[in-house]
Amino acid sequence: MNRVIAAMIMAAGMAFAQQGKIADRKENQQDRIANGVKSGALTPHETSKLENKESKLNKEIRTDRKANGGNLTNNEKKQVNHQQNKLSSDIYKDKHNGATQKP
């Protein structure tokens, strides 16, 4: 009985930790976009494009969680990680492509 309870607590903790990682990354990427806007490294068009991609990813995460009782499957976690990596790369490229605006 105690093992079952311990396993349930551990599983809940792991799910919470994964949600935290995704949320932390999302917040970090939002900060990177905001810093790019503030510094002038991102143009309005680049900012809009990045925000749109982030919005679509967030909607996908919400939809997937809703379909799975509040959690993401392992495959969905891998997919989200891949998409967050791609978005991170896009942020970097847009901030360093030489196109600027006045801060």
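**Basis of the analysis**

Residues are numbered from 1 along each chain as its sequence is written, and side-chain values use heavy atoms, with hydrogens and water left out. Because the model is predicted, local features need pLDDT of at least 70 and side-chain atom pairs count only at pLDDT 80 or more, while totals for chains, interfaces and linings use all residues.

**Overall architecture**

The protein chain has 3 helices and 0 strands; helices (H or I, at least four residues) and strands (E, at least two) are DSSP runs, numbered from the N terminus. Read along the sequence, the pattern is α-α-α. Of the 103 residues of the protein chain, 24% count as buried. Here buried means under 20% relative accessible area and exposed over 50%, with partly exposed in between (1.4 Å probe, protein chains only). Among contacts between residues at least 6 apart in sequence, 75% join residues at least 24 apart, a contact being heavy atoms within 4.5 Å.

Buried residues of α2 are E46, T47, L50, E54, L57, N58, I61, D64 and R65. Just after this helix, G69 takes a positive phi of about 65°.

Helices α2 and α3 pack at an angle of about 170°, and their axes are 11 Å apart. Axes are lines fitted to C-alpha atoms, for helices over the stretch in contact, and angles run from 0 to 180 degrees between N-to-C directions. The two helices are therefore roughly antiparallel to each other; angles under 35 degrees count as roughly parallel, over 145 as roughly antiparallel, 65 to 115 as roughly perpendicular and the rest as oblique. On the α2 side, the contact is made by E46, K49, L50, K53, E54, L57, E60, I61 and D64. Helix α3 contributes E76, Q79, V80, Q83, Q84, L87, D90, I91 and D94. By class, this contact has 6 nonpolar, 3 polar and 9 charged residues. In that classification Ala, Val, Leu, Ile, Met, Phe, Trp, Tyr, Cys and Pro count as nonpolar, Asp, Glu, Lys and Arg as charged, and the others, Gly among them, as polar.

**Salt bridges**

Side chains of opposite charge can pair when their charged atoms come close. The structure holds 3 salt bridges, each defined as a side-chain nitrogen of Lys or Arg within 4 Å of a carboxyl oxygen of Asp or Glu.

| Salt bridge | N to O distance |
|---|---|
| K49 and D94 | 3.9 Å |
| K53 and D90 | 2.7 Å |
| K86 and D90 | 2.8 Å |

The side chains of K49 and D94 meet in one of these salt bridges. K49 lies in helix α2 (residues 44–67) and D94 in helix α3 (residues 74–95), so the pair ties together parts that are 45 residues apart in sequence. K49 counts as partly exposed, at 35% relative accessibility, whereas D94 is buried, with a value of 10%. Leaving aside its neighbours within four places in sequence, D94 is in contact with A41, L42, E46, K49 and L50. The C-alpha atoms of D94 and T43, 51 residues apart along the chain, are separated by 8.5 Å.

K53 forms a salt bridge with D90. This pair also links distant parts of the chain, with K53 in helix α2 and D90 in helix α3, 37 residues apart. K53 is partly exposed, at 35% relative accessibility, while D90 is buried, with a relative accessible area of 9%. Not counting residues up to four places away in sequence, D90 touches L50 and K53.

D90 meets K86 in a further salt bridge. K86 and D90 are 4 residues apart in helix α3 and are thus separated by about one helical turn. At 45% relative accessibility, K86 counts as partly exposed. Salt bridges that share partners join K53, K86 and D90 into one network.
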